[in-house]
Every structure is written in structure tokens, then in C-alpha cells.
Amino acid sequence: MTVSYTYDEKENFIYTKFAGVLTDDDLETQVKAIAADRRVRPGAREIVDLRAVESVEASTESLGYIIFMNKEHRERFEGMRMAIVAPRELLFGLSKIFEVLSDVENSPSTIKVFRTISEAEKWLGVTHHNFIP
């Protein structure tokens, strides 16, 4: 799996892209990286792009871990809005589970799942960044 993110400090905007096989380790490593990135301020907006994911080997336990990390680092994730772009059915379903769990567990971040980048951008109120393909 390839995972990368780009951060626009001026806009407090994160673009995260997953590609290939999505694993528990990829998800956990990514949330740790964002939590440790001192440039990211509370209230950040993030697009998590799953369009290039070919298969999933991640478990729902990883979703719980991400929520735990969000709560553990509440000061980093407070007010964050995360738009997950998941056009394929399996990814969309898993992402919707994450959205609901985040709400039920009172995560400091608001998560919404979309099928297209344009829907995600509209919800976040961001214009098309040059690093979003």
C-alpha cells in the first residue's frame, strides 16, 4: 500500500491518498503521522482519497483505533472535518461504518463519506488544490 499526504498550511487543509492494498498498518500509520505533524492546527479540513485502493485487508478494529487516536489527541483533531472519497461499494460501506462509529464515540472530528472529490470539496468548502488529481 502506498499512503501519502500533503498539507497546505495556509488553508489548514490535508490531502491524503491511499493506493493499492489498504491494510490496518496503513490506516494506523497515517493517523499517527497526522497526530504528530505539528503544522496541522485544530479545525483542519481533510480529504481522504480512496479512489486508487485496489483491495482491502484492513479490519474494523483499525477504525476503532483511529477514533481512539482522535480522542487521545483531541487538541490536534478538535473541529477537524474529514471527507472520505470512496467510489467503490466495499470502501464506501467501510467508510460509512467509520462515519457512524466516530459520531457514536463522540470523536472530536466530523467525518462524512462521498463518492466523488467534487462532493467532498463542496462539503469542506475548499477549491480544487493543485495537489488533488
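## Close-up views of loops, sheet and rings

**View 1. Asparagine 106 is exposed, with a relative accessible area of 54%.** Here, exposed means over 50% relative accessible area, buried means under 20%, and partly exposed is in between (1.4 Å probe, protein chains only). The model is predicted, so local features need pLDDT of at least 70, side-chain atom pairs count only at pLDDT 80 or more, and totals for chains, interfaces and linings use all residues. Residues are numbered from 1 along each chain as its sequence is written, and side-chain values use heavy atoms, with hydrogens and water left out. Asparagine 106 sits in the loop between α4 (89–104) and β5. Helices (H or I, at least four residues) and strands (E, at least two) are DSSP runs, numbered from the N terminus. Look at the backbone too: phi of asparagine 106 is positive, about 60 degrees, although this residue is not a glycine.

**View 2. Asparagine 12 lies in the loop between β1 and β2.** Is asparagine 12 buried or exposed? At 6% relative accessibility, asparagine 12 counts as buried. Its phi is near 50 degrees, a positive value in a residue other than glycine.

**View 3. Five strands make an open sheet in the order β1-β2-β3-β4-β5.** The pairing in this sheet is mixed; two strands pair if DSSP finds at least two bridges between them. At the edges you will find β1 (2–8) and β5 (110–114), each pairing on one side only. On average, neighbouring strands of the sheet are turned by 15 degrees against each other, direction ignored. Axes are lines fitted to C-alpha atoms, for helices over the stretch in contact, and angles run from 0 to 180 degrees between N-to-C directions.

**View 4. Strands β3 (residues 45–56) and β4 (residues 81–85) pair in the parallel sense.** Five bridges join this pair. Follow arginine 45 across to β4, and its bridge partner is arginine 81.

**View 5. Helix α1 (residues 24–36) lies across β1, β2 (13–22) and β3.** Contact means heavy atoms within 4.5 Å. The helix runs at about 165 degrees to β2.

**View 6. How many aromatic pairs does a search of the whole structure find?** The search finds two. Tyrosine 65 and phenylalanine 68 form a tilted pair, 6.3 Å centre to centre with 40 degrees between the planes. Rings of Phe, Tyr and Trp (its six-membered ring) pair if their centres lie within 6.5 Å; planes under 30 degrees apart count as stacked, over 60 as edge-to-face and the rest as tilted. About one helical turn separates tyrosine 65 from phenylalanine 68, because they are three residues apart in helix α2 (residues 60–72). Tyrosine 65 is partly exposed at 23% relative accessibility, and phenylalanine 68 is partly exposed at 44%.

**View 7. Phenylalanine 114 and tryptophan 123 form a tilted pair, because their ring planes lie at 45 degrees and their centres are 5.7 Å apart.** Phenylalanine 114 is buried at 14% relative accessible area, whereas tryptophan 123 counts as partly exposed at 23%. The charged end of arginine 81 sits over the ring of tryptophan 123, 4.8 Å from its centre. A charge sits over a ring if NZ of Lys or CZ of Arg is within 6 Å of the ring centre and within 35 degrees of the ring normal.

**View 8. The charged end of arginine 115 sits over the ring of phenylalanine 92.** It lies 3.8 Å from the ring centre.
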